[in-house]
Amino acid sequence: MGFFKLGSMTMGSLFKEPSTLRYPFETKEPPAGLKGRIVNDKDSCILCGACMRACTTGAIAVDRKGRTWSINPYRCVQCGYCITVCPKKCLSMNPHYSEAAREKKIRIVNVPEHPKPARAKADAAKGVDAGAKAGEEAAAAKAGQKATAVKDAEGAETNGAAGKDAAEN
Amino acid sequence: MGKQTIIPFGPQHPVLPEPIHLDLVVEDETVIEAVPQIGFIHRGLERLVQTKDYNQFVYVAERICGICAFGHSMGYAETVENLMGVEVPTRAQYLRVIWHEMSRVHSHTLWLGLAADAFGFESLFMHAWRLREKILDVFERTTGGRVIFSVVKVGGVTRDLDDQQIDYMKSVFADFRAEYTKLIRAFLDDSSVKNRTVGVGTISRADAVNLGMVGPFLRASGEPYDVRMLGSNGYGELEHFEPITDDQGDCYARIRVRCEEVLQALDIIDEMLAKLPAGDIAVKVKGAPKAGSEACNLVEQPRGECYYYAKGNGTKYLDRMRMRTPTSQNLAGMAATLKGCDVADVNMIVLTIDPCISCTER
Amino acid sequence: MTIPATWDTIALDELHPLAVKLKGEGYRFVQTHAVNTDAGIDLYYTFMKDGVLHNYKVAHVTPDQQVPSVTDQFLSAFVFENEARELFGVDMRDIAIDFGGRMYDVSEKAPMTYVSPVQKKEIDKARRAALAKEQKLRKAQVAQAAFNVEHPQPQEKGAVIDPKAMGTRSTVGDAMNESLMGAAKTAARRDAGAFSFEFAMRDEKAEAQAALEKKIAGMPPEKAARVRAAMAAKAAREAKAQAQAAAQDEQATGAQASEKPLDPAIAEKIKNLPPDKAAKVRAALEAKAAREAAAKGGADAAAQKGAE
């Protein structure tokens, strides 16, 4: 037929299954790698705040004193920049289709205190002078712990390192 | 001598795809003059370079327009890489070309649906957008987003294609090509379409060049200019590129050029997928652009040539970022094409020009 | 491969004749834009021919200067000229389709000429860093020039430099010291017979100490207290170690001052040692010998007493 060009397509549409989903009775499985929602692994997060500074829209807020990491999912544009700047690689994007909601809620994650790293072993391996070890180790261990738990303790770290140097001299 | 009336067309109109306002000076059903007016969705995005550093600005550049999103992020990244002297790995260039050509296919298919809808041909509109969903599914699987991908960064791309995804893409494109060919034959061979578009809104080749038009709008008048034939960045890897032209310069020619560009884009994607090289997908970019450095770049977006300019000032914030989009060049051509046509043809002409006002106004 | 581009600067009155000329030669108009700088607005006009982009810059246009429009040659420029006028405050005249400043209709006047505080801070910081780097480079060049004057023949690679062989005076060391603590102090220390290099290094330690003090000042109080306690302990240890070393030295020098003849047995032992270690070992061995002699003497005395 000269004028019924879309004939086969129309006939097909009558008898084939529909191209649309009968949502909400059928839902689509989110494909892997979908840009969904940002999640934070609270066991590796050190609350450095790099994601807060990098966020393009200002959706992330890091509270170091209260030890919380929160994200406003309604400001997040799923660009993924926070994931690239995170130094501990604790942020990731889960494939998730956002549902409709009645109010805009901010998602808060409580980051617990992390166990202290074993700094004493390193000192023993260096063979530090026995007489000075007791007093120096206590100071260095305390200084060292604070340095790993809170990143801005460069002064304490140099003090710890300098203390070790003095003992080795 | 009839009385002249001014009919305001837009920014809200059922057939108008974008918020542009046209004051049509009409005399007895013939348009004497059309004065375009824009400025309804100016967001001031170029000023955001002052508060977003050059890495974060990719995400702003993407959101200038929904349809040309990938083109803008790619053009911006290429310009900043040019500014800082960064060499992008070959695999990343191939991936960018593949996604950009898919973006072109998506844009033209969307446009085809809108053109048919402006016509009244709603079933073609629905079929075209059903095919477009297939492309959007491919985007979702490979980049994670349907319209805004966030997959380009300064230094390369952030995601890679593995073999499973490539096989999936190839199968989808084969199906798409078969159905799409049927669709455009239905549209282009239809006598009522021909009645409404042949000889309507003609613009000669000389006028088109004079008015500085770009894109399929220009190529339909016979001038073979396409940025892809300059062979910059990833497009230099293509073996052979010939812009598609038509010499009639009317609405039918513009429709035909766009429909055939989709098939050409599918050929390019097949060629690029076949010879995709192995390697890194990004290089690490450190530091900031030097003070006083400048760079410019051209990208062929679905609607035409887009010009990018970047200027650095030694900090991580760019001094100036300029994106000159194709439709801003085509506005003069649009005003000229609308002269002397019937009022009923106005929407068809505006649609075949394919304006993207959100890009124009930023 | 990037698009080839040329960059030229022209004067404001050359703009319109240039547009006429390029139109006659068949150039295609690409775009016009404006850049905000401290000295005014820079206008860029871009044209294209044969795949090459030509950018022309009209530099430092102030709001009182009138800019002629190029829309009589290239109609498609009207959008950009309206935009430059509205967003940058450039006074454009004779635009073909003129929106009279109401195209975007923004509420701020010339919004693109505003520099945000964030960016301003960064620009100032970058400028200061560049200046500091330049000064450091210049200082290094001065020191290098002085060194070249003193050592006209470059030393061979791999040759070992013995600082003691260079003597107590060195122009390079002096130059470094002068930059660190001034000319007067340098001269004073030099006259006292001190090593040019040695003092420079010791000063670094003091500088490090000063920097540490500054850091402590910026810390929260409990941490500062802890750090100070650790530093006090370290200083006490150092003092104790120094006192011990001084006592040892005294013993050594005391042994030397008494001018006891060197026991041949001890001389054997310390023959191959470096001088300072040799002194220490000799002192230790002599002390041991003295103790043994004293013990022996005591035993003899006891034996004698017992014998009596």
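What covers the buried residues of α2(C)? In this predicted model, the cover includes α10 (326-337) of chain B, along with β2, β3 (40-49) and β6 (91-93) of chain C. The helix itself is mostly covered, with 11 of its 11 residues counted as buried. Among them are C:F78, C:V79, C:F80, C:A84, C:L87 and C:F88, but also C:E81, C:E83, C:R85 and C:E86. Just past the end of α2(C) sits C:G89, whose phi is positive at about 80°.

Helix α2(C) also turns up where chains B and C meet. That contact draws 35 residues from chain C and 36 residues from chain B. On the chain C side, at least two residues each come from β1 (5-10), β2 (28-37), β4 (52-61), α2 (78-88) and α3 (117-150). Sorted by class, this side of chain C holds 23 nonpolar residues, nine polar ones and three charged ones.

The largest nonpolar core has 163 residues, and B:F57, C:L43 and C:V90 are the ones with the most contacts inside it. Helix α3 (residues 90-119) of chain B gives the most to this core, supplying 14 residues. As for C:L43, leaving aside residues up to four places away in sequence, its contacts are C:T32, C:A34, C:V58, C:V61, C:V67, C:A84 and C:V90. One of these, C:A84, is among the buried residues of α2(C).

Back in chain B, α3(B) packs with a partner helix. Two packed helices are described by the angle between their axes and the distance between the axes. Here, the axes of α3(B) and α4 (residues 122-143) of chain B come within 8 Å and cross at roughly 160°. Because of that angle, α3(B) counts as roughly antiparallel to α4(B). The crossing of α3(B) past α4(B) is left-handed. From α3(B), the residues making the contact include B:M102, B:V105, B:L110 and B:A116, while α4(B) brings in residues including B:L124, B:F125, B:W129 and B:I135. By class, the contact between α3(B) and α4(B) has 13 nonpolar, three polar and three charged residues.

That leaves chain A. It has six helices and five strands, which follow the pattern α-β-α-β-β-α-β-β-α-α-α along the sequence. Of the 169 residues in chain A, 22% are buried. Among the contacts in chain A between residues at least 6 apart in sequence, 64% link residues at least 24 apart.

Terms used
Residues numbered from 1 in each chain as written. Chains lettered and ligands numbered in written order. Predicted model: local features only at pLDDT ≥ 70, side-chain atom pairs only at ≥ 80, totals over all residues. Helix = DSSP H or I, 4+ residues; strand = E, 2+ residues; numbered from the N terminus. Buried ≥ 20, exposed ≤ 12 C-beta atoms within 10 Å, placed from the backbone. Contact = placed C-beta atoms within 7 Å. Nonpolar A, V, L, I, M, F, W, Y, C, P; charged D, E, K, R; others polar. Core = buried A, V, L, I, M, F, W, Y, C linked by C-beta atoms within 7 Å. Axes fitted to C-alpha atoms, helices over the stretch in contact; angles between N-to-C directions. Parallel < 35°, antiparallel > 145°, perpendicular 65-115°, else oblique. Left-handed = near helix turned anticlockwise from the far one by under 90°.
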